[in-house]
Amino acid sequence: MSSEIDAMQVRLEEHFAALREARSKQGLPVFALEHGLNASELSSLVALLKTQLISGGRLGVHWLLWVVYATEQGYNYEGEEYWYTFESKMPLWDRRWRPSLRTWFEKFCTMYGGLSPEGSWAKNFSIIAWPITHALLPKDLQEQLAYALYNLRYQIVSRLDRPPAEIGGYVARMAHGGSSRFENFVEQEELVGRIILALLDYQSVDNGSAIRPDTLARIASDLEKVRSARQWLHDTRKAVEIATLRGTAPRGGTESHNRDQLDSPAKERKPSIRPSLILRRTGQDEWTPILEVPSFREVAYLNHELATFLRRTRCSVAGSTGLRPPGWLLIGAQRRTLTTWPATGKPVLSFQAPNAALEHLLSSEGRISPGPTWIFRRGSDGQAVEVLGRLVRPNRSYIFVTQGELPVLSMGAPTRILCGGVKAVQIDVPAVLTEGQIDELKKVGLSVAQTIRIWPVGLAARGWDGEGTTEWLESERPCFAVEHDHPVAEYELSLGAGPTTRVKAKPPGIATFIRLQPLPPGNHVLSVSVIRNLGSGAVSRPAEGVISLSVRPPNPWISGTIEHNGLIVGSEPPEPTLDEFWEGLTQLNVLGPAGRHVNVCVELLSGSGSRLALEQVGQLTLPLGPGSWRNMFAGFARREKDPWSYLEASSGRIIVDGEELGIVHIPLHRNLSPVRWVWRTTSKSTLLRLVDDQDADAPLEVTFHSFATPLQTVVLPPDEVAGGIEPQPPGGLVVANYADRREALVVSMRKVDGGFGGLIVEPKFEKIVRTQDQALAVLKSVVAWSDSRLAGVLASERRERVVRRLKERLYSILCGANWERAESRLELGLSTQAGVEGLLRCFGDKRVFALVLARDATKFARMPDQVRKREFAALAQRYKVAPSAPSKRALDLASVLDQALRPSDADLRSLIALLWDYPALVAGARILQLLGGQVASSQQVFPAAGVA
């Protein structure tokens, strides 16, 4: 047996040495998956390694066999537990040998020119990143990569002669909607680029034979076992073949001159991110404004930092409530209903974190058109689109919107716009205008079309507002017709600042047709001047016609789907995770025929795609009311169901079944972390197990905090938790701390002590100690409980009670011993006036400050964040409670408790230290937090007691 394993080691050494010799001339890397062994030989390799473990031989002697074995496990990796699979097939493997595996892979890279893993994934999974990288394309990522290539197939065609790293970088920044594992995978841009070129069978000068044919055939064979992935890859290859036959796809021998032409537009052009306004008719003479924000995918392609920022940062839309989830702008064009009109001089988008490059881009491109008036042309579809040129035409109907007073127009009719800050009037322009009517329109900043008309013809434009703004694909040749109503000899055309071209004009009333060459993505302007015959010569007049062209890449059609099946389903956020769904943070929107019923289920899947569980959420009747989905999900959450399959699942999907209307699936991904909690249920008990794949030297600390005593910490041995434990009833919070990260889970046990009374948890605390350290400990505990995932029956209700008591304890430390009692009385259901009176008594000589805050709590709640801070600070200074700096930070403390802010531990310590000497200020911020959504009318609670 020893001779067999030695022979296998020598064979692999010679194989990889020859492979390196062939690749070194081109500077191409070698991958461990290119071992050249067939299925029978791989089985023999596994048997030889098992025998070596039994005999107790030195593993390092046959290190190359272990590299191949680990790579094979990486190829079959399903995104769950690499080491569990690895060690289950090698029962005698000791986990202490894991770092040796990393050493062997580093040796492989040194000896044979292997590729080193890169990106945040490689940092968090410093050992298993090696075998997964050398597995090229693990099975669980094959379908996602095929889908990404299909979506980007037209753009990839024009980039096939670029370096592999550039192709991989483009896919990394432009492919969205995959799992967190896929996002980690595409961070390795060089590797992804080479795989793409190999899968598309494209041989460039840089690529050469980057992957062995038999290895590539193995990957392609596994990929094609999934029908959808096979079709996507086939269509992508077809797009490359067609482009090659037409001569539009670059080849490796492309001249540098052509490449410079290809590169320059991408470097010089600005992405089109200008938002547009639409009015939607929602009632008789009633309009609702909609703001449409274009996709930011082209912005993400500008550089990797912008792509990462957009993928990880939430944003808000001016005039619309709530924050949008990370990556919201990368999915596609988005629409938001406006409740207040956006400011004209400011970008409509704002992000939670600053980004100078994006702010600069938004300052020039991300604003609505300047006011204070706007004109919208009514359409037959119940929508009115903005006319950027402010040009009206006879026999058309318009909506005139203004931030000032409505003008008096003989053509105007009253209408209503459901938006704060603006008013509207409907203008019905007659077929024939008098001079007086023309003057009326000019006085309100509108002009009447009388000279020249330009409109798209031929293949319909992708977008056309009817007045001067068009949208085209980068592969199309825009066509326009030009018509005049006065004597014209020639048209003078110019595209942007380019050269002019003259075209002979037809007689008045007969159109002249113009066809342009395909344009690069971005914004372009076509200007048309007329040249008239005036006696002895021709005189050119200034431009009388201007049309805007917005050119974009094509949106792919997904093979095997239809545009509309009678059922329209969407979710908020558009790409929810499993955790967001299970914790009730996902909103489902379903549109379809009135009176129809749709069934909603959630399916949980393992990493291999097999079903773990199928739960019915409920049945919805169309159309949905405002709270239909929320009420149905609340009933689903209350029902008895097994949460353990959810914790074990690596993905899932929401299934909306409308019978003959169609079935819609919304994927649910899970963001896996290096350390994570997994539940296993048996017939007698439920076990909690910690999966540790971090592969780092940082120590792992595991703690448990019971529902009954949330501030007491019980340290759990990591090795014991890795094998499985059963927490004491009724459960509590388990936290795994490693490096600078934390993985927390609130688990609620079915088995409780004390009968039905044991279902309700009531936390117990020791005597209050008023120190900054104690306040910091309570605040950190609130953050830990609030940020945790949930598992088990009544987990949400029990956590809510614990967090509420911790907040009361925190403010009791900061505001005085009576505060906790006063908050409890308010919670017990006393009248609002009596409950608030208990809080006011805690302010002593600062009672008037508190009374004003309680009276105006609802007004403060409706203010924007910055305005609220400014008004609160001014009030605190007026009543000599505190200076401006700590006043604003007091509201930050409330935001931390509401989970709107998540500062570091150091920031929390400085926050407590700053507010420690201002108890009345902290109590005032807490009053705004408690009463902001409770007090319906100040007269019901407070008399007008002369409060200024």
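In which helix is Thr 236 found? Select helix α14 (residues 227-246), where Thr 236 is found; helices here are DSSP runs of H or I with at least four residues, strands are runs of E with at least two, and both are numbered from the N terminus. The model is a predicted one, in which local features need pLDDT of at least 70 and side-chain atom pairs count only at pLDDT 80 or more, while totals for chains, interfaces and linings use all residues. Residues are numbered from 1 along each chain as its sequence is written, and side-chain values use heavy atoms, with hydrogens and water left out.

**Around Thr 236**

Thr 236 is buried, with a relative accessible area of 2% (buried means under 20%, exposed over 50%, partly exposed in between, with a 1.4 Å probe and protein chains only). A polar atom of its side chain lies 2.8 Å from the backbone oxygen of Trp 232. Now show the residues in contact with Thr 236, contact meaning heavy atoms within 4.5 Å: leaving aside neighbours within four places in sequence, they are Leu 149, Tyr 150, Arg 153 and Leu 200. Two of these can be selected together, since the charged end of Arg 153 sits over the ring of Tyr 150, 4.0 Å from its centre (CZ of Arg or NZ of Lys within 6 Å of the ring centre and within 35 degrees of the ring normal).

**Aromatic pairs**

Next, select the rings of Phe, Tyr and Trp, the last by its six-membered ring, which pair if their centres lie within 6.5 Å and count as stacked with planes under 30 degrees apart, as edge-to-face over 60, and as tilted otherwise. By this rule there are 21 aromatic pairs. In one of them, Trp 63 and Tyr 112 have ring centres 6.5 Å apart and planes at 20°, so the pair is stacked. Trp 63 lies in helix α3 (residues 63-75) and Tyr 112 in helix α5 (residues 98-112), so the pair ties together parts that are 49 residues apart in sequence. Trp 63 is buried at 4% relative accessibility, and Tyr 112 is buried with a relative accessible area of 4%.

**The four-stranded sheet**

Finally, select the open sheet of four strands, ordered β27-β26-β28-β29 with antiparallel pairing, where two strands pair if DSSP finds at least two bridges between them. Strands β27 (611-621) and β29 (663-669) stand at the edges with a single partner strand each, so one side of each is left without a neighbour in the sheet. Strand β28 (residues 651-657) is joined to β29 by seven bridges, and Val 656 has Val 664 in β29 as its bridge partner.

Conventions: Polar contact = N/O pair within 3.5 Å; in protein donor to acceptor, adjacent residues only side chain to side chain.
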